[in-house]
Amino acid sequence: MPKEPPTIPDMHAIVGSHDIVFITLDTLRFDVAQALHEAGELPVLGRFLPPGGWERRHSPATFTYAAHQAFFAGFLPTPAAPGRHPRLFASAFAGSETTSPHTFAFEQADLPSALAARGYRTICIGGVGFFNKQTALGTVLPSLFQESHWNAGMGVASRHSTQKQVALAIARLADSDQRTFLFINVAALHTPNRAYLPGCRADCLESHAAALRYVDQALAPLFAACAARAPTFAIVCSDHGSAYGEDGYRGHRVAHDSVWNVPYAHFLIAPDTHPKESPP
C-alpha cells in the first residue's frame, strides 16, 4: 500500500452516486490530441480538461483487445512519470501496490460486473472489430456488459460512426433512471481515417487530427445529455496510439513512443457545468 496521500478522487463517493461514462478514443495519439487542444481546436473536450490539457499516460498495451482487458480489470493508462500511481478501480488481488484508500476495489474480475453487482446498468457501445460481436473474439469484451450494441455504422469504415454511437447512447440513457455505467469505444480515429480530411488519399497524421476534430464535435450531445440526467464521472482516454512512419513503424501493436503514449482525462459532469474557453 502506498504511504503517500491519495491523488485520485474518492471513488467510494463516486460509485453509487454518479453515472460513470468511460470513452476510449481508439488509436488516438497523445501528441496529436495535445496539439489540437493547445490550438483551441477541441472546444467540446477542451472545456473539461485541466489548464495543461491532456495528461500524458502510458497504455498498459499496444492494441485494443489487450488494453481493454487491462482497463476493465482496473488498470487504466498509467501516468507517464515515476512513482506508484493509485488507481481509480482495482479488482482485488494480493500484493497490489497501487490500491489506495480512495480506490474502488472490488472482488469481481472486471469493472462492469462489479458495478452491476452494485445496482448499475452496464452498457457497451462498440466501435472497432474487438467489439463487433461477429466472431467469438469480438464477443469477449461486449459480453462483460449487461447490454451491448454494435452495427457497421459504428465501425471503422463509417464516416459518421461517432454521431451514431452518441445517438444510441443518448437513447439508452433516456430509457431508464437507473445508475448507469456507459462504455463507448470510439472508432473514428482508427484507420481508415482519411475520409475526415477532404482530398486526402492516404491515412496520415493530418487525417488522424481531422478525425479527432470530428469526434470532438460529435461528443457534444452526449455530454449535454449526461449533464441533464445525473451527476456523472467521465473517463476519456486512448487505448493506444499509432505510428505513421516514425522510425519506420506504421500502425500499432509495437512498443514505440507513438503507441505507448496516450492522452487521458477524468472529470465530473454536473448539471451546472458551464463551458469555458479552450486555451489559445
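**Salt bridges in close-up**

**View 1. Glu55 and its partner Arg57.** Glu55 is partly exposed, with a relative accessibility of 32%; here buried means under 20% relative accessible area, exposed over 50%, and partly exposed in between (1.4 Å probe, protein chains only). Its side chain meets that of Arg57 in a salt bridge, 3.2 Å from N to O. The term stands for a side-chain nitrogen of Lys or Arg within 4 Å of a carboxyl oxygen of Asp or Glu. Arg57 is buried, at 10% relative accessible area. A handy note before moving on: this is a predicted model, in which local features need pLDDT of at least 70 and side-chain atom pairs count only at pLDDT 80 or more, while totals for chains, interfaces and linings use all residues. Residues are numbered from 1 along each chain as its sequence is written, and side-chain values use heavy atoms, leaving out hydrogens and water.

**View 2. Glu147 with Arg121.** These two side chains form a salt bridge with an N to O distance of 3.1 Å. Glu147 sits in strand β7 (residues 147-149) and Arg121 in strand β6 (residues 121-125), so the contact ties together parts 26 residues apart in sequence. Strands (E, at least two residues) and helices (H or I, at least four) are DSSP runs, numbered from the N terminus. Glu147 is buried at 16%, and Arg121 is buried at 6%.

**View 3. Glu147 with Arg172.** The closest N and O atoms of this salt bridge are 2.8 Å apart. The pair links strand β7 to helix α7 (residues 161-173), 25 residues apart. Arg172 is partly exposed, at 22% relative accessibility.

**View 4. The linked group.** Salt bridges join Arg121, Glu147, Arg172 and Asp175 in a network. Across the whole structure, the search finds 12 salt bridges.
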